[in-house]
Structure formats: C-alpha cells, structure tokens
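Subject: Structure handover

Hello,

Here is the structure I promised to pass on. Please open it beside this note and read the two together.

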Amino acid sequence: MKRGALALLAIVAVVIVVATITIASMLRSGLSTQGEPTATEAFVARVVRRWAVPSELRHAKNPVPLTPAILAEARAHFADHCASCHGNDGKGEALGKQMYPRAPDMTLAATQSRSDGELFSIIENGVRLTGMPGFGSGTADSAYGSWTLVHFIRHLPRMTPAEIAEMELLNPKSPEEWRQLQDERAFLAGEEVTAPPPSHPHHH
Amino acid sequence: MKRTISIAVLLLFALSTLAFAHAGEMHTYMGTVTAVNGDGSFMMKKTDGAALRVQVANTTQYLHADGSAAQFADLANGARVVVKLAKDGKTAMSVKMGSAKR
C-alpha cells in the first residue's frame, strides 16, 4: 500500500513537472504559430496519431480501383477541397504552411509510408489541434471520395505541370481572381487587356 | 474550474491556427518577353510598360496557354507571358506562354 502511494506520488510529480515545463514554454512563446514544433511535440503527435487510427483501418487497402478517370476525379476533388491548405502539388506551400503544425509535404516518405487506411482515417476524421478538419460524414459517398483522395495522395510525387495547371482552374477563387484569370487567358490569346495592378492574393 | 481552464486552453490552441493563418504573397505579371538571357533569366515588358527581370529556377513550371508543358527554351522575344513570382519578387514559380504580341 505504501509502495503504491509512493508510485502514485511519483506519477503526480512527473505530471506536475511536465505541465510546468509546458506552461513555461507557452508563456515564453505565447500561442504563436511561428516556428516549428519541437522534436518532442512532433514525436508525441506522430505516436498519438498512429494510435488514433482505428485498428481495423490501420491495415486496410484502398477498396476503390485505380483508373485514370478515378484519378482525374480525385484531382478535381483535391483542387477544390484540399489545395487551399496543402497546395495543388501537396507540398504544403499554401495556407497550411502558416499553421502549427505545418501542413506536411505529402510527397515525402513521412506521408507516403502511411498505409491506405491511415490516410483514409486522417481525411475522414481530421487531426485534433491541427488545421486538418475531418471531411467524413459517415456516408458511403463520403468514404468513396476519401478513398479516391488516397489514390491521389499516392500520385502526388509524380505530378506533372499540366496536371497542376488544370488544378489551378479548379481551385476556389474570389470574383477578383476569376477576373484576373480571364484577363490572363485573353492576354495570352493575343487580346489587349488593361494593365491590372500586381496581384496580392491574401486569404484571411 | 480546472477542467474549464484546460478546455479553454485547448480551444485557444486549435483556434490560433486559424486566427493567425495568412497565405504567402505571390505576384502575377503579364507582359511581353524582350530578351532571353543565357544566365537563366529573361526580361519582360509588363503591360504597364515597366521592365522586369525574371529569374528562373529548377522548380519553375513552364506551360503553354493551352495548359500543355513547355520549357525555358520555348521563350522567345515578343512572346506573351504570364509570370507568377515567388515571395522574393524575382524568381518565377510558373511561366505561361502565349502568342507573340500582335
């Protein structure tokens, strides 16, 4: 009983020390999203994220067959729903690079080495305390869309400039961005357009 | 009380990623190529008449107006281009090429 009480006391002490270090770190850096997560944060997040994937999904294979049509459908889906944070090429050079943690470069092994089921789970359920929302609605349609996106994520390391150009046309745009795109097309087609100011596409 | 504070801190963590999110700046310019240099750069005359030197990189993407792939060697004097510059204001992220100015 005495040994049990000592063990409990030790655990409480460790928790207090870790909490103190965490709070001290937060007070020093505030809640800024600038900077990179520490190695400890990244390690804990990776481990917890792996545990958080339901075991029946962890080793699941993509049930949707991969065809050019499915890949094109997923490319359009990604351009419309995902690219604003991840970028059309999946490298995270978009809104996601301002987040904490940063949106990952999904062409790299850290993402590509994940199982189909893990990627599906992240798309469907999101990741807490990050910018990644859960897109799943629990319907068969939602699951189908997420599995097709898994195919597209696998394709990211082999993206071509033509594919990215096609996706740019499908990215969500403000009326100003649509006008600019039309001006660019007209200009490249040889038409005269009035000189627009340099674009500064900010997204707040 | 402690539980409320904990939840509030976690919510602040989650919301801070949205509240401070801000995309990087990218500048797009339309113009006509006036010179292609041997050092991996080219000069263009923007639609407002000003000259701009554009540096290219290994990561620069080249496209024809119809979306098909192009390359640096396809740039020629008089060609219309739409250039997206990186945050440094010098390096092209993408160059779209159209027809020569009429």
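A word on confidence comes before the rest: pLDDT is the predictor's confidence in each residue, from 0 to 100. This is a predicted model, in which local features need pLDDT of at least 70 and side-chain atom pairs count only at pLDDT 80 or more, while totals for chains, interfaces and linings use all residues. Residues are numbered from 1 along each chain as its sequence is written, and chains are lettered from A and ligands numbered from 1 in the order in which they are written.

**Confidence**

Chain B averages a pLDDT of 79, and 72% of its residues score at least 70. The predictor gives the complex an ipTM of 0.70 and a pTM of 0.66.

Among the elements of chain B, the highest mean pLDDT is 96, for strand 2 of chain B. The lowest is 46, for helix 1 (residues 2–19) of chain B. Helices (H or I, at least four residues) and strands (E, at least two) are DSSP runs, numbered from the N terminus. Over residues 9–24 of chain B, pLDDT stays under 50. The model has 27 contacts beyond four places in sequence for that stretch. Two residues are in contact if their C-beta atoms, placed from the backbone, lie within 7 Å.

**Chain B**

Chain B has 1 helix and 6 strands. Their order along the sequence is α-β-β-β-β-β-β. Of its 102 residues, 25% count as buried. Buried means 20 or more other C-beta atoms within 10 Å of the residue's own; exposed means 12 or fewer; partly exposed is in between; C-beta atoms are placed from the backbone.

Which strands pair with strand 1 (residues 27–36) of chain B? One is strand 5 (residues 79–85) of chain B, antiparallel, through 6 bridges. There, B:Gly31 stands opposite B:Val81. Another is strand 2 (residues 41–46) of chain B, also antiparallel, over 5 bridges. Here B:Val33 has B:Met44 as its bridge partner. Strands count as paired if DSSP finds at least two bridges between them. The hairpin of strand 1 and strand 2 of chain B has 4 residues between the strands, and B:Gly40 in this hairpin takes a positive phi near 80°.

**Chain A**

Chain A has 10 helices and 0 strands. Of its 204 residues, 24% count as buried. Among contacts in chain A between residues at least 6 apart in sequence, 64% join residues at least 24 apart.

Is helix 2 of chain A buried or in the open? Of its 14 residues, the number buried is 0, so helix 2 of chain A lies largely in the open.

Helix 4 (residues 68–81) and helix 8 of chain A have axes that come within 8 Å and cross at roughly 95°. That makes the two helices roughly perpendicular, a label for angles of 65 to 115 degrees. Residues making the contact include A:Leu71 and A:Phe78 of helix 4 of chain A, and A:Leu149 and A:Phe152 of helix 8 of chain A. Axes here are lines fitted to C-alpha atoms over the stretch in contact, with angles from 0 to 180 degrees between N-to-C directions.

**Two backbone details**

Most residues other than glycine have a negative phi, and most peptide bonds are trans. The bond from A:Tyr100 to A:Pro101 is cis, with omega near 0°. A:Pro101 is in the loop between helix 5 (83–86) and helix 6 (109–112) of chain A.

A:Leu129 is not a glycine, yet has a positive phi of about 60°. A:Leu129 sits in the loop between helix 7 (116–125) and helix 8 (140–155) of chain A. A:Leu129 is partly exposed, with 15 other C-beta atoms within 10 Å.

Best wishes

Note on methods
Parallel < 35°, antiparallel > 145°, perpendicular 65-115°, else oblique.
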